[in-house]
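Let's walk through this protein together, one contact at a time. Have the model open and turn it as we go.

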Amino acid sequence: MIKTAILGYGTVGSGVFEVIRKNKDVIRNKFAEGLEVKYVLDLRDFEDDPVSEVLVHDIDIIINDPEVAIVCETMGGVKPAYDFTRRALESGKSVCTSNKELVEKHGPELLQIAKAHNCSYLFEASVGGGIPIIRPLRTSLAQEEILSITGILNGTTNYILTKMETEGLAFDDVLKRAQEKGYAEKNPDADVLGYDACRKIAILTSLAYGRNVSYSDITTEGITNIKDIDFAYAKKLGATIKLFAKSVKKNDKYYAIVAPFIVSPENPLFSVNGVFNAILVNGNMGGETMYYGKGAGKLATASAVVSDVLDCARHIGKHLEVRWDADKLEISPIDGAVRRFFVRVSDTDETRIRSVFGDIDMVTGVADGECGFVTPEMTEKEYREKAGQYGNVIGMIRMD
Ligand code: HSE
């Protein structure tokens, strides 16, 4: 039996405990030696819960036990998860985590420590919950030059946008409902302002190119400015609106953005609705591949952690390479990115619109006293200048 320990018996940690126990025979069928949870670390007590048999309150018990080969860090946050992860890796124990914040902040450093101690640091569950995406990037797509990654990487915002579209509700009303049902956090800022998706695309882009993408270099806009009327315009265009987290390699430059996009039905991400997540990866040889599933949730996320545990269990004493150097990957200013823009203005003067924006496609008949149009391709900088020159802009959404 390969012995493991779980740090933190919260939602994901208790899920990992459940997956390893409930799927014991399934796991043994694929990995004959089997997995056992020797310890679970938590400050709290859990009377009448099977975890009480293996519960400990002191990290040293786990670090000092040579039988523990793999540690699942499911505590979240940076403190004390960073110290515990370092200590486990320095003791030669592999660490598998769902902790996106720690991975995004300290990924390259923790990978170096793992390498130096012949163990592994794996984090499949840190992006896209139960969706396999880190392993495909690390192994199945390792031969590809990645041209773009486009993800719906946040379930809360995808749920809100889907409800706005299907029920014609305003952002605030859907958010309130989502909070009542427990789908959205009490403080939803990280989700609705795009920060959660930003951390996730920073991790995926770092892995795609092997160098470190800084979260703060990514232009990030959330969904708080999306109005119900925007969906009426999108519908006229035969399209919908999704929060995309996107990185693109073009002419040896790298661009990254998190923002709402107008998406047409030709894009496979068009039909990803509700709390589901999906990631579309475009490789220079194999073309597009897409990964879809539950981006959050106890058992989905825990299942991804256990997939890493099995990978480590098959490679005890070896380092599983995840190429992610500390060197910075330069993200080019978004000003140079070229695309079309959907624009709403508070007048209907098509002649003036054309004189400023060029050969546009008008979208009329949605509301009195205003109109929408789709610009020809231009850079973000050109768009900003033209919007400033025109003056009456009341909304803009990028076209995918
Ligand atoms: N809050 C996140 C989401 C889940 O709504 O997708 C964890 O990353």
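**Charges, strands and rings**

Start with Arg-199, which lies over the face of Tyr-215, at 4.3 Å from the ring centre. A charge sits over a ring here if NZ of Lys or CZ of Arg is within 6 Å of the ring centre and within 35 degrees of the ring normal. Lys-246 is placed over the face of Phe-261 in this way, at 5.8 Å from the ring centre.

Before going further, a word on the model: it is predicted, so local features need pLDDT of at least 70 and side-chain atom pairs count only at pLDDT 80 or more, while totals for chains, interfaces and linings use all residues. Residues are numbered from 1 along each chain as its sequence is written, and side-chain values use heavy atoms, with hydrogens and water left out.

The protein is divided into domain 1 (2-129 + 298-327), domain 2 (136-293) and domain 3 (337-399); these bounds come from an automatic or database domain assignment. Between the C-alpha centres of domain 1 and domain 3 there are 50 Å.

Now look at strand β9 (residues 240-250), where nine of the eleven residues are buried. Buried means under 20% relative accessible area, exposed over 50%, and partly exposed in between (1.4 Å probe, protein chains only). Strands (E, at least two residues) and helices (H or I, at least four) are DSSP runs, numbered from the N terminus, and two strands pair if DSSP finds at least two bridges between them. Strand β10 (residues 253-263) runs antiparallel to β9, joined to it by eleven bridges, and Lys-249 stands opposite Tyr-254 in β10. The two strands form a hairpin with two residues between them, and Asn-251 in the turn has a positive phi of about 50°. β9 also pairs with strand β7 (residues 146-152), antiparallel over four bridges; there Gly-151 stands opposite Ala-245.

A parallel arrangement comes next: six strands form an open sheet in the order β3-β2-β1-β4-β5-β6. Its edge strands are β3 and β6 (121-122), each pairing on one side only. Inside this order, β1 and strand β4 (residues 68-73) share five bridges in the parallel sense, with Ala-5 opposite Val-71.

Which rings pair up? Rings of Phe, Tyr and Trp (its six-membered ring) pair if their centres lie within 6.5 Å; planes under 30 degrees apart count as stacked, over 60 as edge-to-face and the rest as tilted. By this rule the count comes to twelve aromatic pairs. Tyr-9 and Phe-46 have ring centres 4.9 Å apart and planes at 70°, so they are edge-to-face. Tyr-9 lies in the loop between β1 (2-7) and α1 (11-22) and Phe-46 in the loop between β2 (35-41) and β3 (55-56), so the pair ties together parts 37 residues apart in sequence. Both Tyr-9 and Phe-46 are buried.

Phe-357 and Tyr-390 are a tilted pair, because their centres are 5.9 Å apart and their planes at 55°. Phe-357 belongs to helix α13 (residues 350-357) and Tyr-390 to helix α14 (residues 380-390), so this pair ties together parts 33 residues apart in sequence. Phe-357 counts as buried at 2% relative accessibility, and Tyr-390 is buried at 3%. Ring pairs link Phe-341, Phe-357, Phe-373, Tyr-383 and Tyr-390 into a cluster.

Finally, find Arg-344 in strand β14 (residues 341-345). Is Arg-344 buried or exposed? Arg-344 counts as buried because its relative accessibility is 9%. Its side chain makes a polar contact with the side chain of Glu-370 (2.9 Å).

Note on methods
Polar contact = N/O pair within 3.5 Å; in protein donor to acceptor, adjacent residues only side chain to side chain.
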